[in-house]
Amino acid sequence: MAGKRDRSPSDSGKVKAGEKAAKPPKRPSPVKKISNGSLGKMERSAEALLSLNTKKTEEEIWADVTTFQRRTTDSDFDPQQMFKIITWNVAGLRGMLKKDDAALKDFLAAEQPDILCLQETKLNVDDAAGNAKLGVVDGYAFVDHPCAYKKGYSGTRTYMRTHSMVEQLHARCTRGFTLPSDNASVALSAPLVEGTGDEEGRILTTFLSPESSTSTPPSSSSVAAPRLAVVNTYVPNSGMTLDRLPLRVQSFDPLMREYLKKLDDWSSTSGKSGGSKSAAAAAAPNTTPPPHGFIWTGDLNVAERDYDRYYAGTFKTMQECSGFTPEERNSFRQTVATTDAVDVFRSLYPNAAPAYTFWSMRINGRAKGLGWRLDYFVVSSRLMPFVVDCFPMPNVTKSDHCPVQLWMRKP
């Protein structure tokens with residue numbers, strides 16, 4: 001958003017009779033910069049300014065849109081043949097459970113996902129004992145990554161089904177931009193060490209692989225087993241005045257980009273650090289390898305397509321809103337392109353809309369149908385042949401966001 005103009009100094013005296021009033025000084029043109037305390041000022045690129053000056057009407061944006069029609073039904077899910085992963089921004093876990101203490105238990109019982117990624121949990125880092133008792137559900141283990149920077153802010157939690165994820169695929173987790181290692185990832189029964197570069201609790205990665213630790217070579221049974229990194233992410237919001245836009249696109253997004261590349265490399269190697277290709281590929285070079293790659297999911301705080309948010313005002317004013325600025329949308333596209341990844345929902349439903357996952361309570365967005373698509377599954381391109389479906393769950397109303405599901409075939 002352009003910086004605020006300085007107010008012209010007011011005349012303190014009255015204009016005398018017969019004298020002409022002095023013309024007010026000409027206001028300077030708005031400065032096309034966005035400030036951020038720690039990162040200084042961010043110059044808007046020529047590409048961003050061009051986008052801001054592009055005029056599009058609501059009719060033009062929605063001209064080629066098709067009505068979203070899900071390709072599967074709930075009964076199509078086969079737990080013997082598929083993985084189910086769900087992401088959900090709960091907008092305060094303690095608050096949600098205070099309103100309905102069975103909300104998570106009922107949701108997990110109904111959906112039975114292998115993994116559930118929660119964002120904006122707002123748990124406090126100095127209340128580990130209380131957090132451990134909050135939202136306990138039989139058959140699931142969970143790991144928290146609370147914000148250490150500010151109380152009641154941000155935070156992520158990941159639930160893992162004990163049998164399928166913890167026992168069979170040896171789930172282990174890291175906080176922040178951290179790869180698994182003997183020092184950085186541990187069994188879920190032990191406390192996690194702190195990750196790096198993520199004091200706001202925004203990144204919690206679950207590593208799934210046939211070996212129980214990165215120092216143990218894969219066994220022969222690993223030939224048909226997946227090797228996946230599920231990255232539960234709550235991307236920073238740029239703020240109503242876009243004061244955090246520089247942090248978002250100049251710091252967080254580049255770090256995430258490099259991290260996803262490293263995770264993709266990890267998924268393609270053997271159990272030994274710096275090892276060769278996956279055991280499955282080595283053992284059966286002429287067969288399709290099991291799924292391996294990253295699954296980046298969460299509230300990514302961006303509406304990538306023009307029809308991923310409701311139309312209001314003008315296209316220019318829409319682009320001055322956090323989550324819809326040219327910088328955020330282009331940065332997201334750059335991340336997808338440079339990591340050889342796919343926005344799963346958009347790959348399956350290229351022109352489908354509305355398919356919203358967030359509705360502002362401030363404007364009563366759900367009732368009015370005024371929403372945004374902010375919650376995603378982005379996967380390594382090699383995982384797309386295993387994808388069955390990806391879809392939002394707008395009927396779940398416990399938060400201002402709704403959950404989103406991903407179904408993937410097992411090897």
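The charged end of R227 sits over the ring of W266, 4.2 Å from its centre; a charge counts as over a ring if NZ of Lys or CZ of Arg is within 6 Å of the ring centre and within 35 degrees of the ring normal. This is a predicted model, in which local features need pLDDT of at least 70 and side-chain atom pairs count only at pLDDT 80 or more, while totals for chains, interfaces and linings use all residues. Residues are numbered from 1 along each chain as its sequence is written, and side-chain values use heavy atoms, with hydrogens and water left out.

**Overall architecture**

- The protein contains 12 helices and 16 strands, taken as DSSP runs numbered from the N terminus (helices: H or I, at least four residues; strands: E, at least two).
- Of the 411 residues, 51% are buried (buried: under 20% relative accessible area; exposed: over 50%; partly exposed: in between; 1.4 Å probe, protein chains only).
- Among contacts (heavy atoms within 4.5 Å) between residues at least 6 apart in sequence, 74% join residues at least 24 apart.

**Aromatic and charge–ring contacts**

- The whole structure holds 14 aromatic pairs, where rings of Phe, Tyr and Trp (its six-membered ring) pair if their centres lie within 6.5 Å; planes under 30 degrees apart count as stacked, over 60 as edge-to-face and the rest as tilted.
- F68 and Y349 form an edge-to-face pair, because their ring centres are 4.9 Å apart and their planes stand at 80 degrees.
- This pair links distant parts of the chain, 281 residues apart: F68 lies in the loop between helix 2 (58–62) and strand 3 (82–89), and Y349 in the loop between helix 11 (344–348) and strand 12 (358–359).
- F68 is partly exposed at 22% relative accessibility, whereas Y349 is buried at 7%.
- R202 lies over the face of Y234, at 4.8 Å from the ring centre.

**Second largest cavity**

- Helix 7 (245–267) and helix 10 (326–338) each supply at least two lining residues, and helix 7 gives the largest share, 4 residues.
- The lining divides into 7 nonpolar, 1 polar and 3 charged residues (nonpolar: Ala, Val, Leu, Ile, Met, Phe, Trp, Tyr, Cys and Pro; charged: Asp, Glu, Lys and Arg; polar: the others, Gly among them).
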